[in-house]
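Here are a few notes to read with the model open beside you. Take them one at a time and find each piece on screen as you go.

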Amino acid sequence: MGSGAWLDAASVFVFALTGALAASRAQLDPIGFLFLACLTAVGGGTVRDVLLQRDPVFWIGRPGMLLVAAVAATLVFFLAPRLESRARAILWCDAVALAIAVPAGVNIAAGMGQPWSICIIMGVITGCLGGLMRDVVSNEVPLVLRQGELYVTAAAGGALAVSLALNLSESGPTAALIGGIVTFGLRAGSLLFGWRLPSYKPRPPRR
């Protein structure tokens with residue numbers, strides 16, 4: 001497998017952990033765990049591959065990806081009760097998954113000869129849409145829409161870093177590492193130190 005495929009596999013596992021943790025918070029049964037874990041794990045990559053007209057979609061071409069997600073769901077089903085804060089675990093697992101998935105999306109688009117702008121968009125889609133689907137199905141406010149969260153910004157920053165590194169003739173794995181560090185650094189800064197972009201504030205009504 002190429003670097004993009006390995007990154008896909010890693011992001012599938014970690015995103016599946018977050019989906020299963022969300023299922024544990026909703027107190028779902030084992031099938032619910034599997035469904036939410038698989039949806040989160042393959043959602044972003046599926047949309048990416050459909051938009052890029054990549055045939056077959058990554059998890060259809062490599063069905064073992066679903067087994068990876070199922071293993072993650074099973075682990076969480078038995079271990080989640082030991083966690084003090086599953087909400088906090090979701091945030092940090094999601095940050096790790098984002099840092100893996102964003103470079104995967106960029107590398108795959110770049111490998112198909114797409115321009116840098118499309119590569120960045122595909123990185124953001126790969127990183128963000130699985131978690132968005134998880135939160136919507138779990139009836140949670142999506143992380144990508146929470147006020148003050150550096151989420152899409154972290155994904156876009158990491159995707160830009162990967163694209164720049166590739167254009168500077170860095171290898172795929174090196175570019176992925178650079179992009180992963182940028183993505184995780186921005187997301188972790190938001191979680192730990194409250195880094196955020198200014199929020200829109202409407203003008204007060206005139207009296």
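Before the first helix pair, a quick word on terms: an axis here is a line fitted to C-alpha atoms, taken for a helix over the stretch in contact, and the angle between two axes runs from 0 to 180 degrees between their N-to-C directions. Keep in mind, too, that you're looking at a predicted model.

1. Start with helix α5 (residues 86-111) and helix α8 (residues 172-193). Their axes come within 8 Å and cross at roughly 150°. Angles over 145 degrees count as roughly antiparallel, so α5 and α8 are roughly antiparallel to each other. The crossing of this pair is right-handed.

2. Now look at who does the touching there. From α5 you have R88, L91, W92, A95, V96, L98, A99, V102, P103 and N107, and they meet G172, A176, G179, G180, T183, F184, R187, A188, L191 and L192 of α8. Sorted by class, the contact of α5 with α8 has 13 nonpolar, five polar and two charged residues.

3. Next pair: helix α2 (residues 30-51) packs with helix α4 (residues 64-79). The angle is about 130° and the axes are 9 Å apart. That angle makes α2 oblique to α4. Here, α2 passes α4 in a right-handed crossing.

4. Which residues of α2 meet α4? On the α2 side they are P30, F33, L34, A37, C38, A41 and V42, and on the α4 side L66, A69, A70, A73, V76 and F77. By class, this contact has 13 nonpolar residues, no polar ones and no charged ones.

5. Stay in helix α2 and find R48, which lies in it. Is R48 buried or exposed? Its relative accessibility is 0%, so R48 counts as buried. Leaving out residues up to four places away in sequence, R48 touches D8, R54, F58, A104, G105, I108, M122, I125 and T126.

6. Last, the record. An unreviewed UniProt entry lists "domain: Glycine transporter" for residues 6-80 and 91-164. In the model, residues 6-80 are 83% helix and 0% strand, with the end C-alpha atoms 26 Å apart. Residues 91-164 are 76% helix and 0% strand, and their end C-alpha atoms lie 27 Å apart.

How values were computed: Residues are numbered from 1 along each chain as its sequence is written. This is a predicted model: local features need pLDDT of at least 70, side-chain atom pairs count only at pLDDT 80 or more; totals for chains, interfaces and linings use all residues. Side-chain values use heavy atoms; hydrogens and water are left out. Helices (H or I, at least four residues) and strands (E, at least two) are DSSP runs, numbered from the N terminus. Angles under 35 degrees count as roughly parallel, over 145 as roughly antiparallel, 65 to 115 as roughly perpendicular and the rest as oblique. A crossing is left-handed if the near helix is turned anticlockwise from the far one by less than a right angle, and right-handed if clockwise. Contact means heavy atoms within 4.5 Å. Ala, Val, Leu, Ile, Met, Phe, Trp, Tyr, Cys and Pro count as nonpolar, Asp, Glu, Lys and Arg as charged, and the others, Gly among them, as polar. Buried means under 20% relative accessible area, exposed over 50%, partly exposed in between (1.4 Å probe, protein chains only). UniProt positions are given in the numbering used here, feature names are shortened, and annotations may be inferred rather than shown by experiment.
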